[in-house]
Amino acid sequence: MEKETFMEKYYGVIVIAALCALILFIGAMKQRAEALTAFVLRGFVGSAGICVVNEILKNLGIPMAAGINPVTVLTLGTLGISGFALIYGILFYRLL
């Protein structure tokens with residue numbers, strides 16, 4: 001009889017540990033999904049911002065435009081507004 005209660009406790013501990021691991025896994029996936037959503041949103045909004053700023057600069061007669069390519073989208077998605085400023089800062093520096 002004592003052997004059965006030990007095994008029952010052992011299985012109980014395993015079930016509790018598995019549930020804890022499952023909850024931690026679900027929490028990690030939720031955080032990753034939020035981070036991925038924020039990355040994609042920053043990349044999309046930053047690309048749209050580049051298009052708008054390029055048109056404004058073109059209308060002002062300033063011969064400078066940032067291209068939209070995987071590197072700029074990756075920079076915008078990672079850094080956000082500071083990445084946007086970095087891209088145009090590099091372009092203004094090259095204009096000098």
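Let's start at Ile 87, which is in contact (heavy atoms within 4.5 Å) with Ile 50, Ala 66, Thr 72, Thr 75 and Leu 76, leaving aside neighbours within four places in sequence. Bear in mind that this is a predicted model, where local features need pLDDT of at least 70, side-chain atom pairs count only at pLDDT 80 or more, and totals for chains, interfaces and linings use all residues. Residues are numbered from 1 along each chain as its sequence is written, and side-chain values use heavy atoms, with hydrogens and water left out.

Ile 87 also belongs to the largest nonpolar core, 8 residues in all, together with Ile 50, Leu 57, Met 64, Ala 66, Leu 76, Tyr 88 and Leu 91. Such a core is a set of buried Ala, Val, Leu, Ile, Met, Phe, Trp, Tyr and Cys residues joined through side-chain atoms within 4.5 Å; buried means under 20% relative accessible area, exposed over 50%, and partly exposed in between (1.4 Å probe, protein chains only). Helix 1 and helix 3 (81–95) each give two or more residues to this core, and helix 3 gives the most, with 3 residues. Helices here are DSSP runs of H or I, at least four residues, numbered from the N terminus.

Next, look at Asn 54, in helix 1 (residues 2–60). Beyond four places in sequence, Asn 54 touches Met 64, Ala 65, Ala 66 and Tyr 88.

Helix 1 also holds Val 15, which counts as partly exposed because its relative accessibility is 48%.
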